[in-house]
Every structure is written in C-alpha cells, then in structure tokens.
Amino acid sequence: MEKTDTAKKPNGIGRLLQIAGPKKFQLFLAGVLALVHAGLALVPYILVFQVMAEMLEPAPDYATLRETLILAGVAGLLSYAVLYASGMLSHLAAFDILYQLRRYAAEKIGKLSLGELEKYNSGALKKILIDDIERIEHFLAHQIPDFFKGLTLPLLTVVYLFYVDWRLALVSLLPLLFMVIWFPYVMNRADTRSMLKFYHQALEDMNSGIVEYIRAMPVMKIFRQTADRFHKYSGTVHGYDEMAISWTAKGAPSFAIFMSFMSNALLPILIFGTWLYLQNGLELATFFLFLILGTGYIKPVFSLSNMAVQISMINRGVQRMDDILNRPLQPVPPFVGKQNGHDVVFAGVEFAYVPGTPVLEEVGFSVSEGSLTALVGPSGAGKSTVAQLIARFWDVSQGEIRIGGRPLMTFSTEELAEKVSYVFQDNFMFHLSLYDNIRMGMDRSREQIEAASRAAQCHAFIEQLPEGYDTIFGAEGVHLSGGEQQRIQIARAILKDAPILILDEATSYSDPENEFLIQQAIGHLIQEKTVILIAHRLNTVVNADQIIVFDTGRIVGRGKHAEILESCPLYAQMWQAHRRTQSFSIR
C-alpha cells in the first residue's frame, strides 16, 4: 500500500489500481481474458448469420450447416469458460486486496491518537471501513472485467456491422451517440456532484444514528421512548430519506428520457431496414443480423456507463478512506540517552481538547517509581485527562511528560504499550471467549491466565459459567455484571504486568461484598509498580503515598491524607461529603 501524499494520489480507476499493488497483474490478466471472451462471444452470432444466409439459399448445404452450428456452440462454451476464468482471477485478487486494505486500515487506526479518531463518529468509521471498502472489492471483482468487455465487445460488433452493411451500421450507432452525449452531461452537472457528496454524508450520519440508537436501547425502553422520539436516529434516517427522494426527483426526468430512447433503440433499425428490404437493397439474413446485434452491443456499453456512476460513488469513499490512511501519526522524535526507571513527571503541562478551551493548566507533579499516587477532585476537574495523557491518548499542548527521565513523546506506540497498563472505568468486552478476553492477544499460557484470574477474584465465577473460560461473552443467556466485567479488566492488567499502572475508578461497579476482594486484587496488582489511581471513593486512597487534588484543571492540593485534610479546603469538603454518604440511609 503506497503512502504518498493525498494530493498526489490519482482518483477513480487509477487510485483503485494503485491500491491493487502487486495484484495489478492478476487484474490485468483478468481484463485480458475478458477481452478474449468479448471476441469469442461475437463468434456464435457471426456463424449463426452464416447459417441463416445458407438456409435462405434454394439448396442449402446441411452438412456445412451442421458443422457451423457445432462450431458456434463450441465458441459459445469457450467464451463462457474464459469469462469464468476472468471472474475467478478478478475475485481472488479483489478479496486479497480487501483483506490487505482492511488490515492496513485497522493497523493505522490502532496507531492513531484518540484525538485523531474522535474526528470520526462510529457511523462514519463503519461506512468507511466496511461499506466503502466492500464497494471497492465489488468494483475490482466485477467492474474491471466488465470494463474491458464493455469496451471491446461493442467495438468489435460495430466494426463487424460496418463490414456487413455500412448503412444500417450508421443507424445502429444512434443509441451509442446518444449515450456519449447524455452521460457526460448528467455526471458533470453541479447538482449530481453535490448530491453524491450529500449521499455519503447522509449515509454516515444515518449509520452513526443507528449505532447510537442501538447502544441507547436499554435507556429507551426504560423511558418508553420509540425510534421516532430518538431524534438523532429518526432525524438521520429522515435526512437520508429526504436526500434519496430529492436525488430521485432531480434525476427522474433525464433518466426517463434516456430509458425511453434506449427502450426504443431498435425502432430506427426496424424502420430503415424494412424500407431497404422492400426496395430489394437488403438481404433478409442481414436484416435479422442487425435486429439481433444492431442494439445488442448496447448492453455492455450500458454496463460501462453504470460503472461511471459507481466510480463517482467510489471516488468519495476512496477519498474518505485515504483521509484515514493518511492521517498523521503522533510524532516520535529520536531519544539519545537512557531511561532510568519508571517514575512519571509532569512539567508545566497544559492541554485542551478544543483550542482556546483549556482542560489542564500548569500541571506539575512527580510520581516516584513503585509508589501509589491518587488523583481526586470533582467531576470534570481533569483527573482522567491526566491519566490518559500518560498513555498518550493525546499530546500535550504545552509542557512535557517524562517516564524515567525520557520524554513521553519519544516512546513509540509499541514501547508505550509495554510500559503502561490502563484499567478503564468503562468496561469493554469483546464477543469472544472469556479466555481470549483476558489474554487480549498476549503470549501467555492457560495457567498464567487462570493465575491472573484468581488474583483478580474472577476465577470462581468464570468456572461456574456453562463453558468456563471458553464461554463466549454476549452469547445467549450469558451475562456478566459490571463488577464482574471490571474484574476481567483487572485480570488483563495483572497478566500484562506493565511497570506503570493507571486505575480509573477501578471499583466503581463493585458491590460492598466484592469491593474488599477487588481491593485485595489491586493490592496484588500494584506491587512494585508505579501506580496512578483515579478515585471518587476517598476511603480507598487514605493510605496512598501521595494524593493530588484537582479542581478546574489545576492542582489545588498535594500530600498525604492527613496533611491535605488540613491544608486543602476542597479535599476536606470532599472528605466530609464522603463520610456523610457512608452514614446515609433511606428512612
């Protein structure tokens, strides 16, 4: 897959052939076979014409007729065999290109920062990575052979028709002339180009609305909301519907004219041919030949014209795909020196998701290797942002983050993944076995996975499932609670055994009975690691080596529990609120 600049990439067929890479020869061979098929497909018509001419003779030679018909049948069978070989080659090449393209796109997305990925909604990514790439596969598998056949068969047919009778051949060119004028006119109109753009945007919006509607289904059911009341879903569906109706309404008049003419394309040949025959200027066999082939060559040409519409739709999809494939990766400047340990240092860090709206301002602190630092503060204070910056989900706007004295931005994606484990507040489980959900592609034995599960306090409930560790998450009748899913995440982190561990409210879904067990699991997990813990339950951080209090993106308190309880009013207020919740009861 070539990685040239987007502005230098060709469009249409040129770009698709560029995407084809080493499979271009296979596609070219499929095209050559399509050319051979086009020539062979014309042979039976020529031979049948000779048969008709012979049968109209006073004394036809039946032996010759029999041989000619057999030859016509052989040519027909051979043409279909060549077409089958062409289709097989193009499909094999297309499926391989589809695989390589999706793999490359997935790898590229895996290396992009969250900031870059958030520029696309889920519906847009689904359309680009599934629908648009699938359309490319369909084009390469089907349209490439049709392209060669659509060019060659009409050309050979018209040349042969001129050889038989140039007068009727001129009349038979009228439909082709009409198509040559009509299609460029329609495809180059400003409203056609704008509607193609609106089509892709409307489809992306609708996909996004559908995905969000499905995710919101439990809430929708609880509040008895219908699809029509879910405005993002109903609005995008209605928007796509209005776009399709508008496009149809605008294109209907010109399409109706075109189809009316093409449906009656045989009429000029019929009228002129009948007149010539009545004037004794045309043989009956020749007349029959033109009634069959005079407009028969239009079908592959019509397929060719449909391909122009497909290319216009593919162009936009290829551009959107290239927009992802050419997204800049986070820079990784070279590092000269040596990393010393796994302490984490923030030095004058500032960050904004949206330029001009700072989320963190002048954040500076250090986390010693092997220590536990808790980040606390009101919701929206910037705690999770700090943790995500350590994992380099985004790059800082100003300042610097260092790990072991080494600037964070000098770590490659792979290096940083080895250094940092992240237990998210929101759990995500794949539709795979629990064994694979814990392993997450790591090269670990089953014994190691079970040991990590025991340490994370999830081995017992996994063993009670129908298939144990081989139970498919999300299969019919198999459900895990939020706390159980959270323990699966902790098992992943234990198995990974990275030196830096980030826990984002890792006990948020735990009931009181299991919270102690999970705290034990976390205690096992954090041994000899640099730990950053985001917590709302302040009782879980009273023994932390360091507590950092955030408020509106700034650090307003720092120290051990007893120290900042005296020195930081916000922390004291939060602690009192926490104590009140412990004694709260419903009367």
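Two strands pair, in what I'll show you, if DSSP finds at least two bridges between them. The elements themselves are DSSP runs, numbered from the N terminus: helices are H or I with at least four residues, strands are E with at least two.

Hi everyone. What you have on screen is a predicted model, where local features need pLDDT of at least 70 and side-chain atom pairs count only at pLDDT 80 or more, while totals for chains, interfaces and linings use all residues. Residues are numbered from 1 along each chain as its sequence is written, and side-chain values use heavy atoms, with hydrogens and water left out.

Let's begin with confidence. The chain has a mean pLDDT (the predictor's confidence in each residue, from 0 to 100) of 80, and 81% of its residues reach 70 or more.

Now to the helices, starting with α2, which spans residues 24–55. One of its partners is α3, residues 62–111: the two axes come within 8 Å and cross at roughly 160 degrees. Axes are lines fitted to C-alpha atoms, for helices over the stretch in contact, with angles from 0 to 180 degrees between N-to-C directions. That crossing makes α2 roughly antiparallel to α3; angles under 35 degrees count as roughly parallel, over 145 as roughly antiparallel, 65 to 115 as roughly perpendicular and the rest as oblique. What kind of residues make the contact of α2 with α3? They divide into 27 nonpolar, 8 polar and 1 charged. Nonpolar means Ala, Val, Leu, Ile, Met, Phe, Trp, Tyr, Cys and Pro; charged means Asp, Glu, Lys and Arg; the others, Gly among them, are polar.

Helix α2 also packs against α12, residues 284–293, with the axes 9 Å apart at an angle of about 155 degrees. This pair is therefore roughly antiparallel as well. From α2 the contact takes L42, Y45, F49, M52 and A53, and from α12 it takes A285, T286, F288, L289, I292 and L293. By class, that contact of α2 with α12 comes to 10 nonpolar, 1 polar and no charged residues.

On to the sheets. There is an open sheet of 4 strands in the order β2-β1-β4-β5, with antiparallel pairing. Which strands stand at the edges? They are β2 (360–367) and β5 (406–407), each with a single partner strand, so one side of each has no neighbour in the sheet. Strand β1, residues 344–351, is joined to β4, residues 398–403, by 5 bridges. Along that pairing F346 stands opposite I401 of β4, and E350 has Q398 as its bridge partner. Turning to β2, β1 pairs with β2 over 5 bridges, again in the antiparallel sense, and V345 sits opposite S366. Helix α14, residues 383–390, lies across β1, β2 and β4 and runs at about 120 degrees to β1.

Next comes an open sheet of 6 strands, ordered β6-β7-β8-β3-β9-β10, with mixed pairing. Its edge strands are β6 (420–423) and β10, each pairing on one side only, and the twist averages 15 degrees from one strand to the next. A parallel pair in this model is β3 (residues 372–376) with β8 (residues 530–534), joined by 4 bridges; there L372 stands opposite V531. For an antiparallel pair, take β9 (residues 546–551) and β10 (residues 554–559), with 5 bridges. They form a hairpin with 2 residues between them, and T552 in the turn has a positive phi of about 50 degrees. D551 has R554 of β10 as its bridge partner.

Finally, α19, residues 482–496, lies across β6 and β7 (500–504) and runs at about 170 degrees to β6. Helix α17, residues 446–455, packs on α19 at about 125 degrees with the axes 8 Å apart. The two are therefore oblique to each other. Their contact uses Q448, I449, A452, S453 and A455 of α17 with A491, I494 and L495 of α19, which by class gives 6 nonpolar, 2 polar and no charged residues. Thanks, everyone!

Key: Contact means heavy atoms within 4.5 Å.
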